[in-house]
Amino acid sequence: MKKIISLVVLVFITAIVAAGCSSDSSSGKKSDDKVYILKMSTQQAETAPIVEGFKELAKNLEEKSDGRLKMEVYPSAQLGSDDDVIEQAEQGVNVAVLTDGSRMGVYVEEMGIIGAPYFVDNYEDALKVTQGDTFKGWEKQLAEEHGLRVLSFNWYDGPRHFLTNEPIEKPEDLKGLRIRTPGSPVWQESVKALGATPVAMPWGEVYTAVQQGAVDGAEAQHTSTYPSRIYEVIKYVNKTGHFQLINGIIVGEKWFETLPEDLQQLLLDETKAVAQKNAEYVASLQADFEDKMKAEGMEVVEPDVEAFKKAAEKAYEVLGLTELREQIYQEMGK
């Protein structure tokens with residue numbers, strides 16, 4: 001009798017344990033009530049529109065996961081440079097970082113073309129690139145060979161322009177000017193092809209660098225230029241629109257795999273959805289930011305964009321991206 005009672009108790013306990021550690025039917029990954037925290041890093045200022053998107057994403061994740069997945073947003077490079085945070089992500093630390101195709105080109109070389117000059121003309125074209133088979137192959141390569149998971153690559157921050165203290169109307173006007181740009185090979189070579197001498201430094205150092213004469217200017221999008229108050233040390237915004245800044249959020253594959261499957265899917269879905277909404281918001285702000293910079297004393301120059309596009313071809317030749325560009329254009333139906 002005691003054996004029968006013991007057996008019944010054992011079965012009952014086993015059933016309780018099984019219920020408490022229920023598995024997803026498709027993956028076998030256990031679902032639990034553990035709280036997962038993801039630290040979102042960006043060089044963008046607290047007041048940047050894209051940071052508003054990160055905060056909305058954080059709110060959605062916490063609400064839709066019933067508090068099981070939380071995102072903490074760290075603007076203004078509080079967690080360090082993008083390269084430092086990416087290295088942490090590779091090692092499995094619970095960090096995410098806003099990045100771009102040119103920086104990812106350090107890992108998957110062909111991916112750098114997303115940051116090449118005049119590669120796409122608008123956000124819609126950029127989306128076609130990131131939804132294509134070639135891009136999906138790059139994402140797979142990032143995850144399998146470098147341990148970096150792309151959550152979404154549809155964040156938009158607008159076109160980038162040259163910021164100088166003298167008007168720029170054609171590529172020749174940039175000759176001899178030291179222009180800050182991120183350190184990725186594609187952006188460095190692109191700025192060089194467009195006529196300037198590229199200087200790599202964190203965005204947060206540009207204001208002081210211009211003041212001290214370490215650089216003659218920079219190139220950036222309105223959504224960074226205005227919130228960073230660069231208009232206090234820069235007189236002209238020259239609307240070359242040489243880069244369309246399409247960004248992605250990446251995390252480490254090691255950390256991503258620690259999430260239960262339902263939270264993995266939630267993170268992927270919400271990141272894409274919020275990015276799309278935020279991109280529309282950013283696009284709607286371009287004219288407003290430009291007006292605000294004019295009100296602060298900046299002058300807007302409308303340069304010869306066709307001349308800059310022609311100069312940009314040298315970057316494709318030097319970087320060996322001409323054939324890849326044609327391949328992707330065919331994929332896009334362009």
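Two residues are taken to be in contact when heavy atoms of one lie within 4.5 Å of heavy atoms of the other. Helices (H or I, at least four residues) and strands (E, at least two) are DSSP runs, numbered from the N terminus. The model is predicted, so local features need pLDDT of at least 70 and side-chain atom pairs count only at pLDDT 80 or more, while totals for chains, interfaces and linings use all residues. Residues are numbered from 1 along each chain as its sequence is written, and side-chain values use heavy atoms, with hydrogens and water left out.

First, the overall picture. The protein chain carries 13 helices and nine strands, and its C-alpha atoms fill a box of roughly 95 × 40 × 30 Å along the principal axes. Of its 334 residues, 50% count as buried, where buried means under 20% relative accessible area, exposed over 50% and partly exposed in between (1.4 Å probe, protein chains only). Take the contacts between residues at least 6 apart in sequence: 78% of them join residues at least 24 apart.

Next come the helix pairs. Two packed helices are described by the angle between their axes and the distance between the axes. Here axes are lines fitted to C-alpha atoms, for helices over the stretch in contact, and angles run from 0 to 180 degrees between N-to-C directions. Helix α2 (residues 49-64) and helix α11 (residues 261-295) have axes that come within 9 Å and cross at roughly 150 degrees. That makes α2 roughly antiparallel to α11; the label goes to angles over 145 degrees, with under 35 counted as roughly parallel, 65 to 115 as roughly perpendicular and the rest as oblique. Ala, Val, Leu, Ile, Met, Phe, Trp, Tyr, Cys and Pro count as nonpolar, Asp, Glu, Lys and Arg as charged, and the others, Gly among them, as polar.

Further along α11 sits Q286, which is buried because its relative accessible area is 14%. Leaving out residues up to four places away in sequence, Q286 touches D157, G158, P159, H222 and T223.

The other pair is α7 with α12, packed at about 140 degrees with axes 8 Å apart. That makes α7 oblique to α12, and α7 passes α12 in a right-handed crossing. P185, V186, E189, S190 and A193 of α7 meet A311, K314, A315, V318 and L319 of α12. Seven nonpolar, one polar and two charged residues make up this contact.

As for α12 itself, F308, A311, A312, A315 and Y316 are buried. The buried residues of α12 pack against β4 (148-164), α7 (185-193), β8 and α13 (322-332). After α12 comes G320, with a positive phi near 70 degrees.

Strand β8 (residues 236-252) holds I246, a buried residue with a relative accessible area of 3%. Beyond its neighbours within four places in sequence, I246 is in contact with T99, D100, G101, Y123, A126, F153, W155 and Y156. I246 and L127 are 119 residues apart in sequence, yet 8.6 Å apart in space, C-alpha to C-alpha.

Conventions: Left-handed = near helix turned anticlockwise from the far one by under 90°.
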